[in-house]
Amino acid sequence: MQIVIASDYQEMSRKAADVIAGLLRNKPDAILGLATGSTPIGLYAELVKDCEAGLISFKDVESFNLDEYRGLEGTHDQSYRYFMNQNLFDHVDIDKARTHVPDGSNPDSDAACASYEAAIAQAGGVDLQLLGLGHNGHVGFNEPADHFPVDTHIVDLTESTINANSRLFDSIDDVPRQAYTMGIGTIMKARSILVVANGTDKAQIVADAFCGPVVPQVPASVLQLHPSVTVIVDAEAGSIIKDRL
Ligand code: GLP
């Protein structure tokens, strides 16, 4: 595991964008695993700039997002499909037909999750999976648990995640209570993983996840077992871990 502490959010975003841009230059038809949340917004903006400058292209890229709220259509402004269109897909030369997000509008959770897992396998697996970090150590929507969920599955969101995400909705009652998410096994199958985190409020979980024991109560801690992980944090999120490296 390589841990990089950038000076600020902008530098974190640029360094993370460089990792993805480097992959796209080496492998223009890469399979990208993508993430939502406020953390990757800056790195997506950097990728848009690189694409506009002709430095990279998404023309042959296929993408799979980590997760989606159950019950939201892709047109809902808080759906993760909408987020991806707004922050990346609408601004780069990607073929939207090759961008995949779990189908939150499908009430049949077994079908929605099984077909998503199968689509990832059929594409040949993810080359690089981007991850943010929840305050409780969740990745995608894999919440703290007594085991590591393997495949794409339905989850009941924890109160802490509902509270954290309520800032984006009109009221906390509007936050969906369930989501479809890649499993920890799905994520761990990616050939490489890039984690980003910023802000003082992530400092403790960054230290717990990457310097603490590997336990399902801190889902991101399992990444310590993956052979190719890069963690890029800003100075605030790196403020505790910096003394333990
Ligand atoms: C959400 C998403 C995660 C994301 C996390 C952190 O619940 N499902 O994929 O990484 O929260 O979000 P943020 O980057 O806004 O802190």
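A word on terms: a residue counts as buried when its relative accessible area is under 20%, as exposed when that value is over 50%, and as partly exposed in between. Keep in mind that this is a predicted model.

Take Cys51. Its relative accessibility is 13%, so Cys51 falls in the buried class. Cys211 comes out at 31%, and therefore Cys211 is partly exposed. As for disulfides, the pair of cysteine sulfur atoms has to lie within 2.5 Å. The count under that rule is zero.

Now the ligand. Where does the ligand sit? It is in the largest pocket. Around the ligand there are 15 residues, and the closest are Ser38, Thr39, Asp67, Arg167 and Lys202. Sorted by class, that shell has nine polar residues, three charged and three nonpolar.

With Gly140 the backbone is involved, where an N or O atom lies 3.2 Å from a nitrogen atom of the ligand.

Last, the area. On its own the ligand exposes 390 Å², and the protein buries 94% of that.

That is what I have. Back to the pocket if anyone wants to look at it again.

Terms used
Residues are numbered from 1 along each chain as its sequence is written. This is a predicted model: local features need pLDDT of at least 70, side-chain atom pairs count only at pLDDT 80 or more; totals for chains, interfaces and linings use all residues. Side-chain values use heavy atoms; hydrogens and water are left out. Buried means under 20% relative accessible area, exposed over 50%, partly exposed in between (1.4 Å probe, protein chains only). A residue is near a molecule or strand if one of its heavy atoms lies within 4 Å of it. A polar contact is a pair of N or O atoms within 3.5 Å; within protein, one must be able to donate a hydrogen and the other to accept it, and residues adjacent in sequence count only if both atoms are side-chain atoms. Accessible areas come from the Shrake-Rupley method with a 1.4 Å probe; for residues, only the protein chains shown count as cover. On a 1 Å grid over the protein atoms alone, a cavity is a set of points where a 1.4 Å probe fits but cannot get out, and a pocket is an open set with protein on both sides within 12 Å along at least five of seven lines; lining residues have an atom within 4 Å of a point. A molecule sits in a cavity or pocket if more than half of its atoms lie within 2 Å of its grid points. Ala, Val, Leu, Ile, Met, Phe, Trp, Tyr, Cys and Pro count as nonpolar, Asp, Glu, Lys and Arg as charged, and the others, Gly among them, as polar.
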